[in-house]
Amino acid sequence: MMSIIISTLTVITQMALSHIIRGRLSEIVTNELVKGCLLELVAAAEMCGTCYELIIIADNYGVYAYGVYLFLMTIWWGQSWGTATACPYSLLEEYVESGADAVSVVLKIVCQVIGGLASFRWVKMIWMMEFAETHIGRGVDSCTADLAVPVAVGFLIEGGLTCACRIVSRTLGELEPKFAATFDSFFSTSMVVLAFTTSGGYFNPVLATGLKWACRGHTNVEHIIVYWAGSILGSMLSIRLWNTPTFKNMIVGPFKPKEE
């Protein structure tokens with residue numbers, strides 16, 4: 001019981017500190033590009049730092065406990081992050097659909113990666129303090145990849161389920177039902193749990209890289225193919241499908257009130 005309490009406090013503390021840092025950055029940084037980059041860095045660091053602790057929870061309490069925590073965390077992130085996404089394909093979607101500045105997109109993605117990779121520095125220090133029994137022996141640099149299927153299958157899983165998550169998000173945005181954010185979080189978390197034992201269910205290149213870059217079990221090229229190419233192409237496919245009138249009407253049409 002004490003271990004799960006400490007893991008919970010570790011997650012909450014990181015989220016609270018990140019929220020405070022975001023607030024201060026928003027107040028003191030006036031340049032919009034610099035502010036946007038820093039907010040992306042903080043959001044990515046928070047996401048990866050807290051998800052390291054979720055690995056501890058999953059290993060000791062199971063994937064469904066992991067899912068509950070992730071569900072609650074995604075709801076919080078939706079409220080706390082503001083314009084930050086901590087996700088490269090969200091920025092790329094903005095570039096493709098609305099013509100966002102390419103330099104800004106690239107710089108923000110670079111900051112996301114830096115934040116994600118830097119997160120293990122403080123997570124490692126927390127684990128090495130061994131406040132919880134479940135932290136003992138975890139503050140080491142070695143890690144094992146979550147990819148438990150062939151690279152091509154992992155690519156299809158990450159790409160296909162990323163596409164599904166983005167289509168659901170767009171559908172909820174179009175219909176604007178009550179508790180849309182909760183439904184969106186529930187669906188994406190369900191997809192993560194579904195893919196947990198195959199590709200790991202990351203659906204976010206920065207999250208996958210922050211947690212599993214250079215881990216034993218796949219090469220760096222395989223990592224890029226599955227977690228970067230897979231997710232980004234899945235996201236781009238969702239745009240193509242969403243802009244196809246027949247597909248969009250098939251997804252959205254049944255839920256819209258019929259005109260008299």
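# Burial, helices and a pocket

So, let's start with Q14, which is buried, at a relative accessible area of 8%. By buried I mean under 20% relative accessible area; exposed is over 50%, and partly exposed is in between, with a 1.4 Å probe and protein chains only. Before I go on: this is a predicted model, so local features need pLDDT of at least 70 and side-chain atom pairs count only at pLDDT 80 or more, while totals for chains, interfaces and linings use all residues. Residues are numbered from 1 along each chain as its sequence is written, and side-chain values use heavy atoms, with hydrogens and water left out.

Back to Q14. You'll find Q14 in helix α1, residues 2-28. Helices here are DSSP runs of H or I, at least four residues, numbered from the N terminus. What does Q14 touch, once residues up to four places away in sequence are set aside? E46, G49, T50, W122 and V123, where a contact is heavy atoms within 4.5 Å.

G49 turns up again if you jump over to S119. That serine sits in helix α5, residues 102-129, and counts as buried at 0% relative accessibility. With neighbours within four places in sequence left out, the contacts of S119 are A45, C48, G49 and Y52.

While we're on α5, have a look at I114, which is in that helix too. Is I114 buried, partly exposed or exposed? Partly exposed, with a relative accessible area of 46%. For a sense of spacing, I114 and E174 are 60 residues apart in sequence, and their C-alpha atoms are 33 Å apart in space.

Now α2, residues 32-61. This helix has 30 residues and goes 42 Å from its first C-alpha to its last, close to the 44 Å expected at 1.5 Å a residue. Expected span, by the way, is 1.5 Å times one less than the number of residues. How many of the 30 residues of α2 are buried? It's 22, so α2 is largely enclosed by the rest of the structure. Just after α2 comes G62, with a positive phi of about 100 degrees.

Staying with phi for a moment: most residues other than glycine have a negative value. A86, in the loop between α3 and α4, has a phi near 55 degrees, positive in a residue other than glycine. A86 counts as buried, at 0% relative accessibility. The other one is E176, not a glycine either, with a positive phi of about 50 degrees. E176 is in the loop between α6 and α7, and that glutamate is exposed, with a relative accessible area of 64%.

That brings us to α7, residues 180-195. There are 16 residues in α7, reaching 23 Å from first C-alpha to last, close to the expected 22 Å. Which residues of α7 are buried? S185, T189, M191, V192 and A195. They cover an arc of only 155 degrees around the axis, which puts them on the same side of α7; the arc is taken from the directions from the helix axis to the C-beta atoms. What covers the buried residues includes α3 (63-80) and α6 (151-175).

Next, the largest pocket, which holds about 950 Å³ of space. The 34 lining residues include T74, W81, T85, D184 and S188, the closest to the pocket's centre. Which helices each supply at least two residues of the lining? α2, α3, α4 (88-98), α6 and α7.

Last stop, G234 in helix α9, residues 220-242. G234 counts as buried, at 4% relative accessibility. Neighbours within four places in sequence aside, G234 is in contact with G159, T162 and C163. T209 is 25 residues from G234 along the chain, and the two C-alpha atoms are separated by 17 Å.

Terms used:
1 Å grid on protein atoms, 1.4 Å probe; cavity = no way out; pocket = protein on both sides within 12 Å on 5 of 7 lines; lining within 4 Å. Points joined across faces, edges and corners; volume = space filled by probe spheres on them.
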